[in-house]
Every structure is written in structure tokens, then in C-alpha cells.
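Subject: Structure handover

Hello,

Please find the structure below, with the sequence.

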Amino acid sequence: VFEVGHALEDLAIRWLRLAGFELYTRKASGGQFGFSVADGRIRGHVDGVIASAPAALALRCPSLWECKTMSDKSWRDTVKQGVTLSKPVYAAQLAVYQAYMEGAIPGISQSPALFTAINKDSQEIWFELVPFDGGLAQRMSDRAVRVISASAAGEVLPRLAATPAH
């Protein structure tokens, strides 16, 4: 599953570059763009950073690029409702990445992120511009700090779901 996702992501990178996007997926040193805070307990790696886009799109840059591959049902729901409503976890990821990457890439939180979803069943592609949601980024960061603090104190937080398999 992950190999297919990586292969489709590589194709999306190629297609965006062929379409005229200046897209960086690795730093000059070779590593992924990312961040690490709270002694590495909160961290992430972004799929890419768009430095420039075709002028006709009027996309502000730099902007975050995230790519996900999905089953047909999940992809169709994302297209119908948008990533924020359909996949709130992905929306939270985008917001947190934009917030924490701002120090390394000034302006990345001022531009909408380009979210790309690829349908694994049909190879259909969905592009969506997602504006930075600073409130969501702060809530997710606060939640992460709460989990870290509780863990350090030996506190067991309530489970997200009643079933142990969730």
C-alpha cells in the first residue's frame, strides 16, 4: 500500500514539474523538508515546497504541497466535500506543517497549501488550495503538548474510541 502511494506521489511530482511548477521535495543537503519541536516529540516531513507556479494560476509562493493517495470511495468524498470536511486529520496536518515550517520557509503559512489527492483505483487527480488555518494549527499543537505532558506525568488520557482495535 505504501509503495503504491510513493510511486503515485513520484508521478504527481513529475506531472507538476512538467506543468511548470518549481517544486522541491528535498533540501539541498538531500533530506526532506520538515520540523521537529518538543525534543522531537512533535515532528513532520512535508511532501514538498512549491517555489513558483505557472503565472496563470496566480498561486502565491512559497506554498506547502501535500499528496495523498486514496481508495475510490475516500477520494470521491474528498472531492465532494473538500479535504477540510472529508479528511479533518489531513487538514490538521496541513495547518500544523504550515505553522511549524514558517520558521524555515518564511511566507509558507501566508499561502494556501496545494493538496493533491490521487484515486488509487482510477488514477483521477484532485487539486485543492487549502488556506492556512492558524486556529486549527494552535489547537492541534496544544493537543500534542497535552499528550506529551500527560505522558510525562504518567497520566492515562481517555481513549479516542471504545474499541481497542481503533
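In these notes, buried means under 20% relative accessible area, exposed means over 50%, and partly exposed is anything in between (1.4 Å probe, protein chains only). This is a predicted model, in which local features need pLDDT of at least 70, side-chain atom pairs count only at pLDDT 80 or more, and totals for chains, interfaces and linings use all residues. Residues are numbered from 1 along each chain as its sequence is written, and side-chain values use heavy atoms, with hydrogens and water left out.

Salt bridges

Side chains of opposite charge can pair when their charged atoms come close. A salt bridge here is a side-chain nitrogen of Lys or Arg within 4 Å of a carboxyl oxygen of Asp or Glu. Searching the whole structure gave three of them.

Asp72 pairs with Arg76 through their side chains, at 3.2 Å from N to O. These two residues lie four apart in helix 2 (residues 72-81), so about one helical turn separates them. Helices (H or I, at least four residues) and strands (E, at least two) are DSSP runs, numbered from the N terminus. Asp72 has a relative accessible area of 26%, which makes it partly exposed; Arg76, at 43%, is also partly exposed.

Arg76 also forms a salt bridge with Glu124, again by side chains, with an N to O distance of 3.2 Å. This pair joins distant parts of the chain, 48 residues apart: Arg76 is in helix 2, while Glu124 is in the loop between strand 6 (113-119) and strand 7 (125-130). Glu124 is partly exposed, with 30% relative accessibility.

Arg146 and Glu155 make a salt bridge with their side chains, at 2.8 Å from N to O. Arg146 is partly exposed at 42% relative accessibility, and Glu155 is partly exposed with a relative accessible area of 38%.

Ala137

Is Ala137 buried or exposed? Its relative accessible area is 7%, so Ala137 is buried. The residue sits in helix 5 (residues 134-152). Leaving aside residues up to four places away in sequence, Ala137 touches Ala95, Val96, Ala99 and Phe132, where contact means heavy atoms within 4.5 Å. For Ala99, which is 38 residues from Ala137 along the chain, the C-alpha atoms of the two are 6.5 Å apart.

Regards
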